[in-house]
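Subject: A structure for you to look at

Hi,

Here is the structure I promised to pass on.

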Amino acid sequence: MRLIPGRTIALAAVAALSLAGRPAAAAVYDVVYIGARAIDPESGLDAVRNIAIDGDRITAVTAAPIEGRRTIDARGLIAAPGFIDLHSHATNQETAGYQARDGVTTRLELEIGAYPVDRWYAKRQGRELLNYGTSVGHTPIRYFLQKGGGAEALAALDKPEAFFAGEEIDLPIPDAQYDRLAPLLEEGLRAGAIGIGSGTQYAPGITHKEMLDVTRVAGRMRTCVFTHVRYGSLIEPDSTLESVQESIANAAITGACVHVVHINSMAMSDAPLMTRLMREAKAHGADVSTEAYPWDGSVDSIRSVIFDPGWEKRWGVGVGDLQSRSTGKRLTQTEFDALRTGTGDDGVIMHMNSEATIATLLRDPLVLVASDGGNIAGPNSHPRSAGTFARVLGHYVRETGALGWSEAIRKMALMPAQRLEAFVPAMRRKGRLQAGADADIVLFDPATVGARAAYGDAARPSEGFRYVMVNGVLVVDRGALVPDVRPGRPVRSEFRK
């Protein structure tokens, strides 16, 4: 194994300490994987190795023979660090099961976030299949302030659809409440929130000054803003280009890191231009990054601002590119008009990206992979919730060769960990297949791994993942979901008091 200065040595030191007082010859580990093709993007390892697990840590990745209380024959399988999904809106355990069978070991709600943060974490303690965490939500906090910032406003947050579709989205924060915005964001960060989430496009009332002030908080606290940028549009004014420029400018002004979520569904065919702008900004010192998911369609409420008049030109699509999440069928103009003015189920999938655009984004060194998935509610949910990571491996690695195995694993495990590790200590032990790292591990068959979820048939688990381990506990064993285990742990930031 080629050592990475500092990091690999530090992880190995942790492993050495865990073995203190036990003769190496007598070592019998909790779980051992024998003969896996071990891929660790940080160290550059890509070789057949045996992997030992003790408790919740990787103890050894070695060519030497080792013995375990449980020994798993992993010959023919690729072993990799578990995938870290920075952008998951899924909350229930049924969907967590689909995500585990897609190789996800950590799911984080960073785009929209939550408030109050303590309450969000407390509801999940001891109940989660996967590791979990959230940002502090700019969008819910501004709604809380618009509602007066008291007990009634706190109760109103239990209906999150309100701060996506209520009249408040078009309004600024009242002057009398505005000075509370920054302290409440800081309160959430000190409670362990992973940065600041902002669904900026969903609240047109957010002024440029407000967004800059939010980013100033991130700069002061040395953390990141995860932003659904202000506009998704191919045309000016109010274009994605302007939105990305705003994000880059805010990062440059404040010193904060800014992560632009799902650039594929905000910039469409212009997405490669947006990533070029970000690379150029990074070359001049701005801390910006982005992500993509490997599907051509996005999901939104048809009554959201996304579909305000002129949407066809902004997104480069028409009514026939919209697919109902109720029926699974493409919409007609009459159906679109009825849904816009109705009150029932209004979710639609908008197909607006080409295969070439997605492949270009996935090859971009700046772009990591995140799902933007939500809870799976039947066959007409978006397939990204169940099959994002397997689709990258099956389609974009094995079938098309757009990526190699190690680079794909880097984008799904190491890069997300590195994006957060400056202010999230747990991430320094994740995204790596090394002694001393957390035992979040996936083993998959490279010949069969792939997404089975599809548009109109979304509630199907991925195939090819034989073993998935979270904190040393198998949650997928021989391809089957393990019942009645909840090894997921909270992932929190750490800021000075």
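Strand β19, residues 473-477, is mostly covered, with four of its five residues buried. Please keep in mind that this is a predicted model.

Strand β18 (residues 465-470) pairs with β19 in the antiparallel sense, over four bridges. To find one of these pairings, look for Tyr467, whose bridge partner in β19 is Asp477.

Now go on to strand β20 (residues 480-481), which runs antiparallel to β19 and is joined to it by two bridges. Here Val476 has Leu481 in β20 as its bridge partner. β19 and β20 form a hairpin too, with two residues between the strands, and Arg478 takes a positive phi near 55°.

Next, a pair of helices. Helix α12 (residues 271-283) packs with helix α15 (residues 355-363) at an angle of about 20°, and their axes are 9 Å apart. Angles under 35 degrees count as roughly parallel, so α12 is roughly parallel to α15. The crossing of α12 past α15 is left-handed.

Which residues make the contact? From α12 they are Ala271, Pro272 and Thr275, and from α15 they are Thr357, Thr360 and Leu361. Three of the residues in this contact are nonpolar, three are polar and none is charged.

Happy exploring!

Best wishes

Key: Residues numbered from 1 in each chain as written. Predicted model: local features only at pLDDT ≥ 70, side-chain atom pairs only at ≥ 80, totals over all residues. Heavy atoms only, no water. Buried < 20%, exposed > 50% of the residue type's maximum accessible area, 1.4 Å probe, protein only. Pairing = 2+ DSSP bridges. Axes fitted to C-alpha atoms, helices over the stretch in contact; angles between N-to-C directions. Parallel < 35°, antiparallel > 145°, perpendicular 65-115°, else oblique. Left-handed = near helix turned anticlockwise from the far one by under 90°. Contact = heavy atoms within 4.5 Å. Nonpolar A, V, L, I, M, F, W, Y, C, P; charged D, E, K, R; others polar.
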